[in-house]
Amino acid sequence: MSRAKLLFLQVMVAVVVLVFWHVFSTVPLGTGSDGKPYYLLPQFFFSTPLKVIERVFLMFWEGTVYKHLMITLTEAVLAFVIGATAGVLIGFWFARKPLVAAVFDPYVKMMNALPRVVLAPIFALWFGLGIWSKVWLGVTLVFFIVFFNVYQGVREVSPVVLSNARMLGMSERQLLRHVYWPAALSWVFSSLHTSVGFAVVGAVVGEYLGSAAGLGYLIHQAEGVFDVTGVFAGMVILMIFVMVIDFCVTLIEKPLLVWRPTETRTVQ
Amino acid sequence: MPPIDGAAMPAVQLNAVSVAYGLTGGGRYEAVQPVDVRVADGEFVAVLGPTGCGKSTLLNIAAGLMPPSSGESLIFGQRLQGLNTQAGYLFQQDALMPWKTARDNVAIGLEVRGTPRRQSLEAADVMLAKVGLASFGDRYPHQLSGGQKKRVALAQVLVREPKILLMDEPFGPLDAQTRLIMSELLLDLWQADRKAVMFVTHDLDEAIALSDRVLVMSAGPRASIIGDFPIPLARPRDIAEVRSEPEFHRLHAAIWNTLRDEVRKTYGLGNATKEVRA
């Protein structure tokens, strides 16, 4: 399928959804028993796409949203950097020291099984309502994804590649640098989209549960006053935000994963 | 006291080396009975045997990748402890680092011993040219065919100029034509500076065509060496032509005679004398 055709179909999906939303929220389907017009998607609960778009524009036009975007971005970036660094280091450590891994195994599993949302209130207590309670919530999400990937990546290095590297005269340190590290890194990058996404989730959920700024705060505020247009506008901005970040991740990972086999296609 | 002069010493000497594995749930699996193997400096020795007879195990012991259960290995007269640093090992499976280009894969063996990067890369380019991949240095392994990957692996081993080459069915996974070409390439490169070679294979034709001596191993368990055939074919050899010489056929028949019953054993068949026509 050509790129243009694909893009066209992708846009069509959005158009269909928006038109459906617009029509059923503005055109009454009939009159209810109380004499009022009856809508499938009442505006009080669903707003309308035009109103939402207008609100998004206004927020950018008046510049009220930038501060919140910056806060959420800062939280997500910090959460990712701290979580990924810790995940790589501890993943490496566990993979190279089976005893440590065996001892901590049940605790790692327990921590990972815990829904991280329940930590949000306690983090707010410990780290306050500023950005750090959100950062640490994001860290608990990012850490486990990176940790498991690095752990797996280091342990599943091909034994033949490893033997070969040893026969080529590599010391333990050189093995770490030339074999274990690249192998683990490829796993980290394959999970980059997920872990970056979770960094944003941690930030937004944290803000939602108690904060004074950020996209999650915006959405929570709008909800508090039954401003459905505001809620949808916040969601739209969040979606754009995540799309942009995801695009940046794709740009970063492409040159780093050139060595990976890709599907080859015939050309005409 | 043995002479200190390394040249007079065999490159590889396995003295009464045996291999046994502990089985899960207790017990021992005696894979290889005590065997003696000598590979003189500059000698090309093929180790031939049915699948699973433990010939690769012997190679791993000579490489220092695993210790023997008993016996000792001497490398140029020195008792081997840890990895055999004088040997290059060509693996059967893909052993290139997939995240490095062909050039980097070859150069890394020099870099880790302290050669400056630029010099290593230059040496890698020369070696890649020798194996016929001059213009493929920037490719990653996944962009190379099976035969090309083997060439890179060969360059990776040879660029470090090891005194001993250990090869574990290196051309096993390749198709028949590529194998022939790779064998030719190997002989050409070996002819230039004869290193000691221990070449493990299950291919009789390949063993005779390449080597100075063929050791035949029996089927496991308790595998041992049951034949030692010198190959008096003239060198340098042309791989394609040597197969049509009468001497080749005589050797082929003699070695196959020894090998046949062992191959049949691994498939749970009886002796050749009780052969039933298929």
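Two strands count as paired when DSSP finds at least two bridges between them. With that in hand, here are some close-ups of this predicted model.

**View 1. Strands β1 and β2 of chain B run antiparallel and are joined by 8 bridges.** Look for B:Leu14, which stands opposite B:Val37 in β2(B). Helix α1 of chain B (residues 55–63) packs on the sheet here, touching β1, β2 and β4 of chain B. The direction of this helix makes about 120 degrees with that of β1(B).

**View 2. Stepping back, 4 strands of chain B form an open sheet in the order β2-β1-β4-β5.** Pairing in this sheet is antiparallel. Its edge strands are β2 (28–39) and β5 (78–79), each of which pairs on one side only.

**View 3. Helix α8 of chain B has a kink of about 35 degrees, centred on B:Asn257.** Just after the helix, you will find B:Gly268 with a positive phi of about 70 degrees.

**View 4. The buried residues of α8(B) are B:Leu251, B:Ile255, B:Leu259 and B:Glu262.** Their packing partners in chain B are β3 (44–48), α6 (204–210), β9 (213–217) and β10 (225–230).

**View 5. Where the chains meet, 17 residues of chain A are in contact with 21 residues of chain B.** On the chain A side, α8 (159–167) and α9 (172–190) each supply at least two residues, and α8(A) gives the most, with 6. By class, this side of chain A has 10 nonpolar, 6 polar and 1 charged residues.

Definitions and conventions:
Residues numbered from 1 in each chain as written. Chains lettered and ligands numbered in written order. Predicted model: local features only at pLDDT ≥ 70, side-chain atom pairs only at ≥ 80, totals over all residues. Contact = placed C-beta atoms within 7 Å. Nonpolar A, V, L, I, M, F, W, Y, C, P; charged D, E, K, R; others polar. Bend = angle between axes of the 7 residues up to and from the residue. Buried ≥ 20, exposed ≤ 12 C-beta atoms within 10 Å, placed from the backbone. Axes fitted to C-alpha atoms, helices over the stretch in contact; angles between N-to-C directions.
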